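Please look over the model shown here. A short report on its architecture is wanted.

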Amino acid sequence: MSVWLALLLMSALAALAALASSFAASQSRARARDALIGAINDLLPQTQCGRCTYSGCLPYATALAEGTADINQCPPGGDTTARSLARLLNREAKEVDARFGAMPATSMVAWIDEPACIGCTKCIQACPVDAIVGGARFMHTVIADQCTGCELCIPPCPVDCIDMRPFAPRFEAASSMRPQR
Amino acid sequence: MIATVGAHGGLRLEGHKERSTETPIALAPPPECAILPLDQHAGMRAEPVVKVGERVMLGQPIARPQGEISAWLHASISGRVATIEPRPAAHRAGDSTLSIVIESDGRDERWPAHTSMQDFRERDPIVVLEHIARAGIVGLGGAAFPAATKLMGALRSKDCTLLLNGAECEPYISCDEMLMRERAHDIVLGAEAIAHAIGASQCVVAIEEGSSLAEATLREAVSRASAGSIRVAIVPNVYPAGGERQLIATLFGREVPFAGLPTDIGIVCQNVGTAAAVAKWIQDAQPLVSRIVTVTGDGVRRPRNLEARIGTPFSQLIAACDGYTERMHQLLMGGTMMGIALPSDDVSVVKATNCIIAASALDLQPRAAEMPCIRCGNCSEVCPARLLPQQIHLNARASDLEGLERYGLMDCIECGCCDYVCPSQIPLVERFRAAKPELAKHLMARSNARDARLRYETRNERLERLEAEQRQKLEEKRRQARTRSP
Amino acid sequence: MPFPTSEPPHVVAPLTVSRVMRLVIYALAPTIALHVVFFGPGLLIQICLGIITALAAEALALRVRRKSVRQYLLDGSAVITAVLIALCLPPLAPWWLIVSGTAFAILLAKHAFGGLGMNPFNPAMVGYAVLLVSFPAQLLQWLPPQVAELERVEISLFHTVTTILTGSLPAHLTWDAITSATPLDALRTNLRMGMTMQEAHASPIFGGLGGRGWEWINLATLVGGVWLLAMRIIRWQIPVAMLGALALCAGVMYAIDPGVYAGPVFHLTSGASMLGAFFIATDPVSAATSDRGRLIYAAGIGVMTYIIRTWGGYPDGVAFAVLLMNFSVPLIDRYTIPRIYGHAERP
């Protein structure tokens with residue numbers, strides 16, 4: 001009799017503990033997942049270019065966290081990002097897959113041939129990071145400092161007046177001088 | 001009393017100053033041809049305001065500042081602008097940079113348009129500050145940061161302490177010591193003008209221990225100053241105690257925050273030479289057209305301090321010191337720890353030229369063959385920034401940017417202390433310098449990414465909000481339509 | 001005329017790795033001298049064998065790894081490894097002990113990990129630990145120190161050489177007759193047999209501070225170590241933290257029960273305490289790297305040494321303590337990065 005009682009009691013306790021721990025796990029898993037997505041997103045270049053086949057950096061980060069995407073899908077981030085992702089996610093490091101596009105050697109930014117621009121605002125709507133300014137029927141221009149080089153503005157342009165050009169900082173900082181005290 | 005609060009690391013190095021301090025400061029003859037690089041100050045290059053062929057006079061402005069951080073440039077001799085073209089420059093280690101070249105007419109005529117401001121005490125501080133800004137004065141300690149820009153920064157904090165740096169931390173350099181010995185009154189006058197311009201109630205002049213002659217004259221000049229708020233402080237003869245951030249830690253026990261400025265903690269630091277230059281401007285209306293240069297080393301016959309016009313070729317200063325000895329081996333601008341090695345003496349004095357070392361093999365200690373790091377920790381013991389150079393070295397070798405960031409590569413001030421004590425003879429500073437651009441690029445990309453993400457998220461929110469508003473409007477219209485047509 | 005250019009700084013201190021290593025070897029001279037005084041010339045022969053093996057192994061490894069033999073062979077690091085192992089072995093130990101131990105240390109503990117500067121574990125202690133685990137019997141064959149209070153065992157230089165090279169004693173001697181337990185070992189055995197501390201201490205092998213002979217060797221090591229400190233080759237953190245932690249542990253246990261636990265002075269002057277504190281734990285390659293890290297690292301060694309000596313299975317604990325703390329160096333380094341100038345304290 002007492003054997004059964006003991007068994008029953010222990011099973012009940014075990015069940016209770018299992019329930020409690022699975023609840024705690026589900027709670028913390030959700031939080032851990034969010035934290036992981038945030039950490040992955042921090043490593044991504046935030047170009048929002050969609051070359052990874054996802055619609056932006058955050059969706060790609062989510063896919064990485066869920067294990068449905070690979071770490072080598074981000075050409076703008078390059079091998080550096082792939083390496084950081086490998087380290088964060090404990091996966092084997094690999095180089096960026098060329099199928100997702102070439103890695104830019106230098107950072108490129110969009111440039112609008114302003115005389116040709118008809119002011120259709122299509123590129124403004126396409127820019128994921130609000131780096132193009134201009135009004136309807138007025139000339140548009142790219143804020144080069146804020147352009148991430150995603151190239152999303154190029155296809156919508158009806159007059160094909162947008163080019164990618166190497167980014168040139170507006171002024172040479174003092175750091176180009178040999179550092180002195 | 002010698003202040004050492006809050007300082008870490010550093011080295012006690014042999015000073016080698018006796019050689020160049022035996023004779024008083026001598027006047028170097030004005031050059032036949034002055035070469036004036038347009039980027040000889042930190043920040044943006046100055047823009048020429050004279051044309052080739054134009055006649056200029058001593059002290060005439062020939063290039064004006066561009067952007068926030070920049071400085072005026074003045075003709076250091078009278079004559080004709082021969083050309084404006086790239087010329088080898090000392091501060092660029094002999095690489096070419098756009099320079100104005102003036103051929104002397106031998107008359108040394110002064111430009112008459114400048115005015116002095118001897119009554120600065122009665123003027124509005126901002127007027128004095130603006131006046132100082134026109135003198136083209138930059139930090140004469142070696143960094144050549146535009147003095148006026150720095151002083152403007154001081155206006156942000158209510159009561160700044162003015163710190164005048166008379167502590168040459170590097171071996172060989174003695175121009176500041178000679179200046180304090182011979183022109184202490186200029187320093188005090190300059191200090192008063194600067195203090196008035198930025199509204200500083202306190203002024204501290206830092207001077208190295210062991211330079212008793214300079215200390216005595218300075219104390220005497222300070223005691224005769226009208227305002228009694230200038231204090232002389234002695235700092236230990238530890239390299240690099242004369243570095244701005246290290247000096248502040250040594251004297252005040254406070255640290256300038258990373259990526260911040262001394263004004264963030266209510267201190268503005270200027271070299272004593274800068275103060276003397278301000279005095280010359282305030283008193284004699286002479287802009288920065290000359291500076292004191294130490295010419296020293298075993299490779300020059302008569303080491304001494306020279307007051308040289310900006311733009312004077314190095315070769316001419318060497319000649320003024322009776323030329324090279326047969327032991328001459330290497331030419332340095334600056335000290336032996338951070339100086340720039342120059343391939344040729346065919347470059348000219350710039351505002352940052354505090355010292356020219358004609359070094360013989362006796363002055364230099366060649367490196368032995370490089371060995372692997374044995375993690376002895378000598379480097380971290382002497383690092384004034386409290387870094388672990390051995391770990392930075394490891395991470396630099398592995399190109400580990402995250403590691404480099406964690407161990408603070410960007411906080412390295414390139415003083416060379418770690419390099420000096422490394423038993424494995426690893427050229428650490430060279431390695432760190434090479435690794436910095438890569439890390440800077442990485443950090444820049446990350447901060448750009450952060451901004452881009454913020455804009456992306458804001459944009460998405462905005463789009464959602466607009467869509468919701470439109471939906472609402474549509475709903476509203478449908479409702480109205482329904483009520484109108486029952 | 002063109003001048004040569006170079007990167008700053010243009011002056012460096014005349015300090016090289018081989019100079020550091022040379023000074024360490026000089027600093028070991030008092031220890032070696034007293035060791036010879038108390039235990040005969042065996043140590044010198046062990047050192048010679050060790051150095052020959054170390055250099056041969058080093059040359060072989062450098063050749064195989066295609067490194068410059070000329071640059072690295074005489075940097076002195078291999079010599080130190082050999083001398084440290086020799087100091088840990090009984091003076092009459094057969095030649096193959098020092099040879100295999102040193103070869104193991106150089107080839108596997110050092111070069112397999114990448115050579116100078118890359119070894120995560122102290123090579124000498126790896127070599128010694130391998131010998132201690134593999135041949136415990138031979139490593140306990142210590143001679144009694146040659147002091148007036150103890151029966152003297154005179155072994156001539158010739159017999160020392162033959163014993164080391166052949167592994168067998170001259171005909172008129174037997175191992176049982178001439179060997180004697182080290183003070184640490186004797187104390188442990190006697191306490192295990194139920195003696196009190198006073199009874200155990202009655203044996204003539206114990207002197208005023210620790211074991212006779214051993215106490216003087218330890219003091220000589222202390223002198224050499226202090227000289228290294230004065231020459232700024234090592235810094236105070238590691239010796240002070242290690243000896244401090246060892247003395248503290250010993251002091252606390254002694255205060256609790258002086259009848260069972262030996263006092264701090266005994267621990268500081270016995271076995272390899274001083275050698276460990278000044279010459280072994282201070283090996284910078286396998287030690288923690290920041291000042292704070294070194295304090296933690298060395299204090300760990302002190303505590304582990306005490307634990308192994310008092311409750312462990314081996315007579316002395318320095319070797320294993322050092323190796324165990326070598327394991328934790330990456331962790332210590334990770335959490336002891338100093339606060340950088342101008343930055344807030346790390347979270």
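Predicted model: local features only at pLDDT ≥ 70, side-chain atom pairs only at ≥ 80, totals over all residues.

Residues are numbered from 1 along each chain as its sequence is written, chains are lettered from A and ligands numbered from 1 in the order in which they are written, and side-chain values use heavy atoms, with hydrogens and water left out.

**Chain B overall**

| Property of chain B | Value |
|---|---|
| Helices and strands | 13 helices and 17 strands |
| C-alpha box along the principal axes | roughly 110 × 60 × 50 Å |
| Buried residues | 58% of 486 residues |
| Accessible surface | about 19,700 Å² |

Helices (H or I, at least four residues) and strands (E, at least two) are DSSP runs, numbered from the N terminus. Buried means under 20% relative accessible area, exposed over 50%, and partly exposed in between, with a 1.4 Å probe and protein chains only. Areas come from the Shrake-Rupley method with a 1.4 Å probe. Carbon and sulfur atoms hold 51% of the chain B surface.

Contact means heavy atoms within 4.5 Å. Of the chain B contacts with a separation of 6 or more, 73% join residues 24 or more positions apart.

**An open sheet**

In chain B, 4 strands form an open, antiparallel sheet in the order β2-β8-β7-β4. Strands β2 (33-37) and β4 (55-56) of chain B stand at the edges with a single partner each, so one side of each has no neighbour in the sheet. Two strands pair if DSSP finds at least two bridges between them. β2(B) and β8 (residues 96-104) of chain B pair over 5 bridges. Within β8(B), B:I102 stands opposite B:A34.

**Nonpolar cores**

A nonpolar core is a set of buried Ala, Val, Leu, Ile, Met, Phe, Trp, Tyr and Cys residues joined through side-chain atoms within 4.5 Å. The largest has 89 residues, and B:L162, B:I187 and B:F314 are among those with the most contacts inside it. Helix α4 (residues 184-198) of chain B gives the largest share of this core, 10 residues. Beyond four places in sequence, B:I187 touches residues including B:L164, B:L218 and B:V272. Another core lies apart, with 83 residues, among them C:A109 and C:Y261.

**A leucine in chain C**

C:L219 sits in helix α13 (residues 214-230) of chain C. C:L219 is partly exposed, at 26% relative accessible area. C:V265 is 46 residues from C:L219 in sequence and 11 Å away, C-alpha to C-alpha.
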